[in-house]
Amino acid sequence: MHNPETPKQDSVVHAGGNGHGGVHVHPAPTSFIRKYIFSTDHKVIGLQYYFLALTSVFVGMYLSLLMRIHLVWPGAKVLGMDIKPETYLALLTMHGTIMVFFVLTTAPQGGFGNYMLPIQIGAPDMAFPILNMLSFWTTFLGFLAIIAAFIVEGGAPISGWTNYAPLSAIPSAGPGQGLGEDLWIVSIALFCIASLLGALNFITTTLDLRARGMTMMRLPLTVWSWFITAILGLLAFGVLLAAGILLLLDRNLGTSFFVPGGLVVSGEMIKHQGGSPLLWQHLFWFFGHPEVYIAILPGMGVASQVLSTFSRKPIFGYKAMVYAMLAIGGLGFFVWGHHMFMSGMSPYSAMAFSVMTIAIGVPSAIKTFNWLGTMWKGRIRFTVPMMFAIGFVSLFVSGGLSGPFLAQPALDIPLHDTFFVVAHFHLIMGVAAIFGIFAATYYWFPKMFGRMMNSKLGYLHFWITFIGAYAIFFPMHYEGMAGRPRRYAQLTEVAYLHQFWGLEKFITFAAIITISAQFLFVINLFWSMFKGPKAEINPWESTTLEWTIPSPPPHDNFGGHVPVVNNGPYEYGVPGAERDYIMQTDPAHVGSSH
Amino acid sequence: MGSLSPTLKIRESTVANPKVGGAGFPPGIRFPGTGGGGGGGGRDESYPDFGDRLRRYRLGLMVGLVAVVMLFVSFTSAYIVRQGLGSYDPAANAFVTDWKPLALPMGLLILNTCLLLASSFTIEMARRAAFAQAAVAPVTEMPGIARDEVRGVPWLPITVLLGLGFLAGQLMAWHELGRRGFYISTSPSNSFFYVLTGVHAVHLFGGVVALLYALAAAFRSRPLERRRIVVDVTAWYWHFMAILWLYIFALLKFAA
Amino acid sequence: MGLALLVVIWLLTFVCSYFFVAKTWWWPAAASLSGPALDAQFQYTLIAMGVVFVAAQAGLGLFAWKYRERPGAAAATYSHGNTKLEVVWTTLTAILFFGLAIAGSHLWAAERFEPAKSDSVKVEVTGLQFAWYFRYPGPDGKYGRTKPELIDASAGGEAAVGMDSTDPASKDDFVTGTMYLPVDREVDLTLRAQDVIHSFFVPSMRFKQDAVPGLMIHMHFTPDKVGDYEIACAELCGLGHYKMHGILKVVSQKDFDAWTAQHVAEKQ
């Protein structure tokens, strides 16, 4: 129902001439290098991040495949590669690092955030386009550094993505702990700097470049999720950077921040004195726990957007969703100690960390209930992005519910550093976040490339990946309960681990099938990019601003026009409306403001 | 979330005021040609309003400084932990701490502090001069900018020299400590001295580079407004660096 | 598609839950005093989380099928949410989660807040790449001095922990590669690490604690069943992490005394 009192408003303001919004937008560059390589266009940068993440995810997947094969056939050569126990540790270190930083942090935030945030708030670009370009290329340098660690003498580091000192601080502590480890630190330091620049840009853009009428409480939940993620990044990455600098000094200039005195490594006395291994853990996890939310929050945003769109219903409890994300992000800074219950940290502080951790379960539960509430009494359209969004919710529940086990320090005694933990974080921050990325890809592909993806391949990809994700990661809970420690290159040496042979083989087979299915996705992606049927402006009948402009969007997004926002982001199934939805730029609608 | 709410407040109050921004637009979005707005808009078709741009860069700086604060908060917490820490020494069969207070080269550091505070003053003068200049000189008179620069006190070059003087002084402090036999690995308090001063110096050097850019922009007849923004934002950054140095100095001196 | 989702989600939920109920892979039998209480706390948490898990997944599958778009289906309900409902489920979740945490907190307190009893058996556990060594203080109840410069890991035994034989307190100390403990007596562990962080993990004892270089960590537990149990390393410590294991033999007090006497005698 339209409010008769509201004067009719144009959905678009003609700015006249070649005027632009608040950002100085250069004319579209024509040279290849300025257009696709050193571009300052947020859309090109978004795609650069996306394809960097796509490359990384295949590297990371390949490493995990080698690990799975080594676990069940320890003697096997893979593609002529001899996997030794130290190779296995190098594989797991690089798998974790590449996946966490260059995939889960890069694709949702750097990729989709960069591409969609300015458009969804009605801006022609990011607040600082040149800084944006610098962020990407710094990230890319970081990627080159981490890849270089594979080929230097001694190979890649073996100390895990958490890189605990003193294993990480003493070059003689293992193969790969020499130059490979230094490259790891340099790579991560570069990544930190890039992420800080990116966060600065995201926050300023969201606060300063919103179109007329786009109040904070009319932001799509995707924008909220990128905004909160940027704040988390801003506060967290500096800490990791500081830790990295100190670790580098310990390794190369003989300082003793993390290395205590009196150590004997590989038969040699170590000259360090008085440092604390726990200091590294505190600094690392102060960053590391918010990092988990940096990976998953954008997925929550996308899931909200997609679930609402294809349930044809407003999101259930918009404000609760916003506050829940703020609560998750805020509490995330006070729970790092739950990674350290077994570390020798004070048992009293463990109790405090435990309570804070449990508290995070509450906003997480709110989000889940509200997603279910969004689907409830909806009119669900099972598009491929919707399938992945539903998959996201399912995996989020499965991965999230192991949290309250691990948050109790008493239960963490037997469960810490076992496969129960591996199951937990892979389900929630690994595959759930990846499902968010898939949902975002299938949802926004028509906008980004102006063509539709093949839905048959999409469904096939969904079913194999969804069932595969459960098949790979859920059994790890059982192994964890039975005491199977993490990061074991082989299960041959400890007798009680022999009972897992069958299960391990099952997981490996599931992994091979699931990983193979990802080629369906890549084929679909590149085939559709060139051969897919042309996409209309708004193929999903969505309400947010990106669906008001051509597919793909022009260089300055709104083509000299600047949108005016009159409605909340998720006005679906509106009774009495011409269509069943009201776009954000449509004339103001009664009851649409939250 | 501390930085969020005040910014939001500013924003809402401007949105509520229909006079600000053409046709009640939020200040972030301004359209050349629509007139009105917080500054003298509409001079250059391809440039959004100066006031908006300035505010955006200041906001960006504020957000960026949060990251710098977190970096130094991390170092500080590491400093406190490392200082209070005893670790097990097998030889003594006891928990011992190896923290030894550092004898700072006080004279030199106080001199450096004076240099930096002086540079903070000169850059503030440069910032104000840039604004006063911009108020009188129409932007279209690009060549006139360099002339103005010559006539007034050259605050920017003075700041650059003072900044470089501070950095040289810090380097001398490092040499002085080295001469006394205190290297980065000698004791934990030494390590922190080098880390804190080093990371601070890198940040200040970034400020120097920004000022050199502003100077170069004056000669390459870049738009005056861009220079003003660079000078303004760098000035605030510079003040922050001065305060940060006072903090580091106090930490090293009084929490040793 | 809605039906397919319902079937697959329900099926996955069933299979995942089945193995928890059937206990196909399960905890090793608890052999320590704190084990049963800890297992019970795990059971409570499992039941609570299991109910939420099944309910949420069942609802997800059901909604996907029931509210699928089809000709003649009712229009979507235009609703922005229900504050009352949200308050209710937020409160319920908070009560459930915090309730579980509070119920389990005394277990942690019992394990970690109290020091070991004075009559407990003393053992010093040293982790090094890639073995565990166990030092017993002998009749005097005192550990002798160790020195890093005396450490020779390849020699094993006393040299592996760098024991200083000139210290009188070390005269009756002895070092073994297998851990012996008397049943039903508390053990006062001192955990040390020589090179990198290791983690002393005995699944059957429901016990785990990192051994951190530069720290001497005191922990305690009470084995209450005679038998052999495996010790694993649970913190990534280098290329041999997967084979850094040991054996814990829990024996009767009489056997333990005899074993101790034999080792002390060997020293004289």
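Analyst: Helix 4 of chain A passes helix 5 of chain A in a left-handed crossing; a crossing is left-handed if the near helix is turned anticlockwise from the far one by less than a right angle, and right-handed if clockwise. Helices (H or I, at least four residues) and strands (E, at least two) are DSSP runs, numbered from the N terminus. The model is predicted: local features need pLDDT of at least 70, side-chain atom pairs count only at pLDDT 80 or more, and totals for chains, interfaces and linings use all residues. Residues are numbered from 1 along each chain as its sequence is written, while chains are lettered from A and ligands numbered from 1 in the order in which they are written.

The axes of helix 4 (residues 129-151) of chain A and helix 5 (residues 179-208) of chain A come within 8 Å and cross at roughly 165 degrees, which makes helix 4 of chain A roughly antiparallel to helix 5 of chain A. Axes are lines fitted to C-alpha atoms, for helices over the stretch in contact, and angles run from 0 to 180 degrees between N-to-C directions; those under 35 degrees count as roughly parallel, over 145 as roughly antiparallel, 65 to 115 as roughly perpendicular and the rest as oblique.

Among the residues in this contact are L131(A), L134(A) and T138(A) from helix 4 of chain A, and L183(A), W184(A) and F191(A) from helix 5 of chain A. Two residues are in contact if their C-beta atoms, placed from the backbone, lie within 7 Å. By class, this contact holds 15 nonpolar, 9 polar and no charged residues (Ala, Val, Leu, Ile, Met, Phe, Trp, Tyr, Cys and Pro count as nonpolar, Asp, Glu, Lys and Arg as charged, and the others, Gly among them, as polar).

Helix 5 of chain A also packs with helix 6 (residues 221-252) of chain A, their axes coming within 7 Å and crossing at roughly 150 degrees. Helix 5 and helix 6 of chain A are therefore roughly antiparallel to each other, and their crossing is left-handed. The residues of this contact divide into 21 nonpolar, 5 polar and 2 charged.
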